[in-house]
Amino acid sequence: MVIPTMAEKMAEGKTPEVLFWVGCAGSFDDRAKKITKAFAKILIEANVDFAVLGTEESCTGDPAKRAGNEFLFQMQAVTNIEVLNAYEVKKIVTTCPHCFNTLKNEYPELGGTYEVMHHTEFLKSLLDEGRISIEGGKYAGKRITFHDPCYLGRANGIYEAPRDLIRKLEIELVEMKRCKSKGLCCGAGGAQMFKDAEKGDKEIFIERTEEALETKPEFIATGCPFCNTMMTDGVKNKEKEKNIKVMDIAELVAGAKDL
């Protein structure tokens, strides 16, 4: 699978329909790379004209901003905006809700205004436009619960696009007791992934995993690479990894299509 870069597209005198912003997890974490590949396979299957920044992509600055380092955030953001504007980027899609939130809500005031979509929104739009079809395949009839990513759900009010995609898989969608606007954080958000846990009697990802297990799922669906890591660790902590799989929605869709 060969994915063109924006620089290569520009050299050909072409402007792609969409920029796929991969993010740090999707670029460097071995588990999250599988999510990146699954989403890219769907884009190729749908004949979406897309490109990545490649080595020109840097951190959005989200961790710095959540940790309170506004100066570092603005330095990173302005650098990225200069690159994006140089390529005349109009539409960005990303598999990371943290990148999504920052690019969508915090870049405009610094001069970076783009149409930014989370990959579940983009996949739903492809489905509505008839550019992809989704059927259950090997997941038909399975019991799946969806963990709402905080920066997609509570921060941006996007709850139905991922659920609409899951329902198309012909599965049984079961909700956790805390879902949608009352969804519980996995514990990785707000740069928490990169620091020690707060004092307490239980790790937050254990609490969230226990809520997921209460629904007796065969799969836990995620829409964020950091949530995926935390829920995967939680399932392992409960020694349930042989029976319960944690998968991003892009992986479920690609898997159902045998991509």
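What percentage of the 259 residues of the protein counts as buried? The share that counts as buried is 54%, where buried stands for a relative accessible area under 20%, exposed for one over 50%, and partly exposed for anything in between, computed with a 1.4 Å probe and protein chains only.

This is a predicted model, in which local features need pLDDT of at least 70 and side-chain atom pairs count only at pLDDT 80 or more, while totals for chains, interfaces and linings use all residues. Residues are numbered from 1 along each chain as its sequence is written, and side-chain values use heavy atoms, with hydrogens and water left out.

## Overall build

The protein has eleven helices and eight strands, which are DSSP runs numbered from the N terminus, with helices being H or I of at least four residues and strands being E of at least two. Its radius of gyration is 18 Å, close to the 18 Å that the globule rule gives for 259 residues, so the protein is as compact as a globular protein of that length; the radius is taken over C-alpha atoms, and the rule is 2.2 Å times the number of residues to the power 0.38. Taken along the principal axes, the box filled by the C-alpha atoms is roughly 50 × 45 × 30 Å. Among contacts between residues at least 6 apart in sequence, 78% join residues at least 24 apart, a contact being heavy atoms within 4.5 Å. The protein exposes about 12,000 Å², of which carbon and sulfur atoms supply 48%, with areas from the Shrake-Rupley method, a 1.4 Å probe, and only the protein chains shown counting as cover for residues.

## Pockets and the cavity

Rolling a probe the size of a water molecule over the atoms shows where empty space is left. On a 1 Å grid over the protein atoms alone, a cavity is a set of points where a 1.4 Å probe fits but cannot get out, whereas a pocket is an open set with protein on both sides within 12 Å along at least five of seven lines, and lining residues have an atom within 4 Å of a point. Grid points are joined across faces, edges and corners, and a volume is the space filled by probe spheres set on the points. In the table, Ala, Val, Leu, Ile, Met, Phe, Trp, Tyr, Cys and Pro count as nonpolar, Asp, Glu, Lys and Arg as charged, and the others, Gly among them, as polar.

| Space | Volume | Lining by class |
|---|---|---|
| Largest pocket | about 500 Å³ | 18 nonpolar, nine polar, three charged residues |
| Second largest pocket | about 290 Å³ | six nonpolar, four polar, six charged residues |
| Largest cavity | about 60 Å³ | ten nonpolar, two polar, no charged residues |

The largest pocket has a volume of about 500 Å³, and of the 30 residues that line it, the closest to its centre are Val22, Gly23, Gly26, Ser27 and Glu57. Helix 2 gives the most to this lining, with five residues, and the elements that each supply at least two residues include strand 1 (18-21), helix 2 (23-28) and helix 6 (97-105).

The second largest pocket holds about 290 Å³ of space; of its 16 lining residues, Gly187, Ala197, Glu198, Glu203 and Ile204 are the closest to its centre.

The lining of the largest cavity includes Pro97, His98, Cys150, Cys185, Cys224 and Cys227, and helix 6 and helix 10 (225-237) each supply at least two of its residues. Helix 6 is mostly covered, with seven of its nine residues buried, among them Pro97, His98 and Cys99.

## Selected residues

Asn228 has its place in helix 10 and is buried, with a relative accessible area of 0%. Leaving aside neighbours within four places in sequence, Asn228 is in contact with Arg31, Ile35, Thr222, Val246, Met247, Asp248 and Glu251.

Cys59, in the loop between strand 2 (50-51) and helix 4, is partly exposed, with a relative accessible area of 29%. Not counting residues up to four places away in sequence, Cys59 touches Gln76, Asn80 and Tyr107.

Lys9 lies in helix 1 (residues 6-11) and counts as buried at 12% relative accessibility.

Most residues other than glycine have a negative phi. Glu88, in the loop between helix 5 (70-86) and strand 3 (91-94), has a positive phi near 55° and counts as exposed at 52% relative accessibility. Asp258, in the segment after helix 11 (249-256), also has a positive phi, of about 55°, and is exposed, with a relative accessible area of 64%.
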